[in-house]
Amino acid sequence: MLKPYRAAVIGTACTMAAVVVTGLISLKDEQPNKDTSQALAMERSMTADKEQHEAGPILTLARAADIPVVILEVSAEVEEHQNTEPETEAQTEPLPEETAPAETIPEETEPETTEEPSEFDGYVLPVVDVYLNIRAEPSTEAAVIGKLYVGAMAKIVEQSGEWTKISSGTVEGYVNNEYIVTGIEAEELARQDGRMVATVLENGINVRENPGMDADVLNIAGQGEQYEVAEEAEGWVGIRYSENITAYMSADYVSVDFLLGEAISIEEEREQIRKAEEEAARKAAEQAQAQEEAKARAAERLANSQPVDTVITEGYSASYDDTYLLACLVHMEAGAEPYEGKLAVANVVLNRLKSGYGSTISEVIYAKGQFTGANTGALASRLAKGPNDECLQAAVEALNGVNNIGDYRNFIGLGWANYGSYSSYTIIGNHCFYKR
């Protein structure tokens, strides 16, 4: 790499010498002669050609205080001389100095997220409509040895491929992984399929109407009592106090747990079915016996019942309002009874009127302790809706003197009748009309 530079410098030095000699010759009158001018021009021309042809070192002439000064600029790129010697390691350009590696800034990575532990880790719940088969071996061809119903839980024994070995109740076998969940998913499913139960931890815990210390106390709960959880509020647990009532207890005095079932073996299920069938047969037999006994009692009552002939007696003059009121009372008391039962109820009112229970039909009907529905809103509701045609007809016929119960002034449903206490009675439909 240094050879071309030496050639360029030597060539330049020769040219300088020629210029200096020519300049010294012309110092006499400070003007170059013709020959000198031509030589200088030729040299300049040669220098220019060389610059263009070889792109070699650039030579620039300048004058300062009448003394020629040479400024040498070496081109960044120099062609190699044809006779250059092979480079050696010493002639190679030095490598740049090694610099300390820049401090490496570690790339930011998102922290690994880990699922929160769940009390259902290590347990499974079935994701099915009714139940999941438990098989003796991890295969759909294996025998079914038990069932894991919705709302039941099983412990994981081991997992392998598409099957999981579980243990629950008296059953240990395999279930398909496609139909089970565990961990957080199982916990969420348990809230849906299982039951949450609140267990009272101490005696004398107030059961309140609403969640608050100022709410009314409905009852006092004892230690160990359990209630199904309806909801959980801040500091309070809502329990199913009755079918339509949610009550509340302080969360400090109850523990809330999932109530989940266990797997059932095929043998246990068959035994349960057998017992259920026996119980159903027993209840059916009891019901049949009860029906026979009821028929026997009904036959006895009918045998002891004293039929009353329908007669025409003196009629009763009533206003339109009293007639409408009587028909509505008949509908309230005997709307589902046969026509004879409707007529009998209308005559009970008229018999009481004749016996001095009141001076008008209205007074008799609204007398204290006579017709319960008259004072509870039932009669008012029927007055707003109106009676049906049979009830209106029965009221009109009774007012016209048609009587089918004689002087009976009382009636009661057959199920509540105390036949032994009546001096006489007659049964019409589902009512017993009697006198003491």
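# A walk through the predicted model

Five bridges join strand S4 (residues 131-135) to strand S5 (residues 144-149), and the two strands run antiparallel. One of the pairs can be picked out by name: Arg 135 has Val 144 in S5 as its bridge partner. The structure shown here is a predicted model, and the description below should be read with that in mind.

Strand S5 has a further pairing. With strand S17 (residues 264-265), S5 pairs in the antiparallel sense over two bridges. Here Gly 146 stands opposite Ser 265 in S17.

Is Glu 269 buried or exposed? Its relative accessibility is 12%, and because buried means under 20%, Glu 269 counts as buried. Leaving out residues up to four places away in sequence, Glu 269 touches Lys 147, Tyr 149 and Ile 264. Strand S5 spans residues 144-149, and strand S17 spans residues 264-265, so the reader can look for the contacts of Glu 269 in Lys 147, Tyr 149 and Ile 264.

Some totals for the protein give the setting. There are nine helices and 22 strands. The protein has 436 residues, of which 31% are buried. Among contacts between residues at least 6 apart in sequence, 60% join residues at least 24 apart.

Strand S10 (residues 195-200) is a mostly covered element, with five of its six residues buried. S10 pairs with two strands named here. With S16, S10 pairs in the antiparallel sense over six bridges, and Arg 195 has Leu 259 in S16 as its bridge partner. With strand S13 (residues 226-233), S10 pairs over three bridges, again in the antiparallel sense. In that pairing, the bridge partner of Val 197 is Glu 228 in S13. As a general rule, in a regular strand the side chains alternate between the two faces of the sheet.

The next stop is a pair of helices. The axes of helix H5 (residues 320-334) and helix H8 (residues 378-385) come within 9 Å and cross at roughly 115°. The crossing of H5 and H8 is right-handed. On the H5 side, the residues that meet H8 are Tyr 324, Leu 325, Cys 328, Leu 329, His 331 and Met 332. On the H8 side, Ala 378, Leu 379, Arg 382 and Leu 383 take part. Sorted by class, the contact of H5 with H8 has eight nonpolar, one polar and one charged residues.

Helix H9 covers residues 389-399, and Glu 390 lies in this helix. At 37% relative accessibility, Glu 390 counts as partly exposed. How far apart are Glu 390 and Pro 338 in sequence and in space? In sequence they are 52 residues apart, while in space the distance is 9.2 Å, C-alpha to C-alpha. Leaving aside neighbours within four places in sequence, Glu 390 is in contact with Tyr 339 and Lys 342.

Three strands form an open sheet in the order S20-S22-S21, and the pairing is antiparallel. Strand S20 (410-413) and strand S21 (424-428) are the edge strands, as each pairs on one side only. Neighbouring strands of this sheet are turned by 25° against each other on average, direction ignored. S20 and strand S22 (residues 431-435) pair over four bridges, and in S22 the bridge partner of Ile 412 is Cys 432. Helix H6 (residues 339-354) packs on the sheet and touches S20, S21 and S22. The direction of H6 makes about 30° with that of S22.

Conventions
Residues numbered from 1 in each chain as written. Predicted model: local features only at pLDDT ≥ 70, side-chain atom pairs only at ≥ 80, totals over all residues. Heavy atoms only, no water. Axes fitted to C-alpha atoms, helices over the stretch in contact; angles between N-to-C directions. Left-handed = near helix turned anticlockwise from the far one by under 90°. Contact = heavy atoms within 4.5 Å. Nonpolar A, V, L, I, M, F, W, Y, C, P; charged D, E, K, R; others polar. Pairing = 2+ DSSP bridges. Buried < 20%, exposed > 50% of the residue type's maximum accessible area, 1.4 Å probe, protein only.
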